Amino acid sequence: MDIYKPISKLEFSSIKNKPKVNENREPLVKVNAHPKIFIKPMYFEQGIPNSLQTIYLRKSTCEKLIEALTLLPMHYSFILYDGYRPLQVQEHLFQLFSQEVKNKNPDYSDAAVLEETLKFVAFPSVEPNKTSPHITGGAIDLTLGDLAGNPLNLGGAFDEMSEKSATRYYEQHLEENDEALKNRRLLYNAMTAVGFTNYSEEWWHYDYGNVTWARRVNAQKAMYSAVEAIIETHQIKEFRYL
């Protein structure tokens with residue numbers, strides 16, 4: 001496969017497709033140490049309450065991540081920012097992003113604030129057809145790094161509320177940042193080749209097995225429902241499927 005091929009036009013999740021959630025009861029697993037996977041739990045480092053000190057994913061999602069890693073050139077690595085996200089953290093982030101939108105755009109109506117906020121953070125929900133992707137354990141935020149775990153140039157920061165966060169931004173601005181263009185293509189092609197889908201407004205966000213993923217691939221069933229976890233000292237003590 002051409003790992004540097006251009007990123008084609010991305011489709012938003014279809015609201016017409018309403019896949020059923022058929023929870024397969026795959027466990028959440030901790031992403032183990034790996035010479036080409038580096039863990040940087042951003043929300044823990046930011047001091048957000050109930051955030052996790054490491055990265056947890058559903059078992060198959062973790063396996064697919066390792067598979068995608070094998071498609072990268074030898075001198076590349078993955079840096080993981082977030083995986084499974086407790087509902088409390090999702091709620092905190094939604095409030096945080098919403099307030100940032102209000103501060104930047106004081107003339108926005110409540111509806112406009114909500115619309116802009118939803119571009120960058122999902123509404124906190126455990127409802128079967130509206131589940132926030134990270135709450136399922138089937139979503140991951142990541143970037144590319146070198147073999148020392150230093151992040152590479154992808155043309156924007158994680159969680160940056162900017163038009164440059166859109167995955168195809170540099171496909172539409174080809175002369176602006178050639179290095180970021182190539183790195184985004186590399187990340188996108190490696191992840192989608194093994195079955196992940198990307199959220200078009202965030203170059204770092206990929207899904208597998210959840211409702212968001214099912215909508216994008218037009219599947220009739222999603223494999224992962226919401227997961228509720230008990231958090232102690234920023235680790236998962238126990239969890240249950242909702």
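Colleague: What share of the residues in the protein is buried?
Modeller: A word on the basis: this is a predicted model, where local features need pLDDT of at least 70, side-chain atom pairs count only at pLDDT 80 or more, and totals for chains, interfaces and linings use all residues. Residues are numbered from 1 along each chain as its sequence is written, and side-chain values use heavy atoms, with hydrogens and water left out. Buried means under 20% relative accessible area, exposed over 50%, and partly exposed in between (1.4 Å probe, protein chains only). Of the 242 residues in the protein, the buried ones make up 51%.

Colleague: Thanks! How many helices and strands does the protein have?
Modeller: Both are DSSP runs, numbered from the N terminus: helices are H or I with at least four residues, strands are E with at least two. Counted that way, the protein has six helices and 11 strands.

Colleague: What radius of gyration does the protein have, and why does that agree with a compact globule?
Modeller: The radius is taken over C-alpha atoms, and the globule rule is 2.2 Å times the number of residues to the power 0.38. The C-alpha trace spans about 45 × 45 × 40 Å along its principal axes. For 242 residues a compact globule would come near 18 Å, so there is agreement with the protein's value of 17 Å.

Colleague: In what order do the five strands of the open sheet stand?
Modeller: Two strands pair if DSSP finds at least two bridges between them. E3 and strand E7 (197-198) stand at the edges, each with a single partner strand, so one side of each has no neighbour in the sheet. The pairing is mixed, and the order is E3-E5-E6-E8-E7.

Colleague: Do E5 and E6 run parallel or antiparallel?
Modeller: Ser77 stands opposite Gly145 in E6, Ile79 has Thr143 as its bridge partner, and Leu80 has Leu142. Five bridges join E5 to E6, and the two run antiparallel.

Colleague: And do E3 and E5 run parallel or antiparallel?
Modeller: One of the bridges here has Ile37 with Phe78 of E5 as its partner. Three bridges join E3 to E5, and these strands run parallel.

Colleague: Which residue in E8 is the bridge partner of Ala139?
Modeller: Three bridges join E6 to strand E8 (residues 205-207), and the two run antiparallel. In that pairing, the partner of Ala139 is Asp207.

Colleague: How many residues of E6 are buried?
Modeller: Ala139, Asp141, Thr143 and Gly145 point one way from E6, while Ile140, Leu142 and Leu144 point the other way, and all are buried. E6 is largely enclosed by the rest of the structure, because the buried count is seven of the seven.

Colleague: Which residues touch the most other members of the largest nonpolar core?
Modeller: In soluble globular proteins, nonpolar side chains tend to be buried together. A nonpolar core is a set of buried Ala, Val, Leu, Ile, Met, Phe, Trp, Tyr and Cys residues joined through side-chain atoms within 4.5 Å. Among the 51 residues of the largest core, those touching the most other members are Leu65, Phe78, Leu80, Ile140, Leu142, Leu187 and Met191.

Colleague: Leaving aside neighbours within four places in sequence, which residues is Met191 in contact with?
Modeller: Contact means heavy atoms within 4.5 Å. With those neighbours left aside, the contacts of Met191 are Leu65, Ala68, Phe78, Ile140, Leu142, Phe196 and Tyr206.

Colleague: Which elements do the buried residues of H2 pack against?
Modeller: In helix H2 (residues 59-69), the buried residues are Ser60, Thr61, Cys62, Lys64, Leu65, Ala68 and Leu69. They pack against strands E2 (28-30), E3 (37-39), E4 (56-58), E5 (77-82) and E6 (139-145), and helix H5 (178-193).

Colleague: How many aromatic pairs are there?
Modeller: Rings of Phe, Tyr and Trp (its six-membered ring) pair if their centres lie within 6.5 Å; planes under 30 degrees apart count as stacked, over 60 as edge-to-face and the rest as tilted. Ring pairs link Tyr43, Tyr81, Phe158, Trp203 and Trp204 into a cluster. By this rule the count comes to 10.

Colleague: How many residues apart are Phe94 and Phe123?
Modeller: Phe94 and Phe123 form an edge-to-face pair, 5.2 Å centre to centre with 80 degrees between the planes. Phe94 lies in helix H3 (residues 87-104) and Phe123 in the loop between helix H4 (110-117) and E6, so the pair links distant parts of the chain, 29 residues apart.
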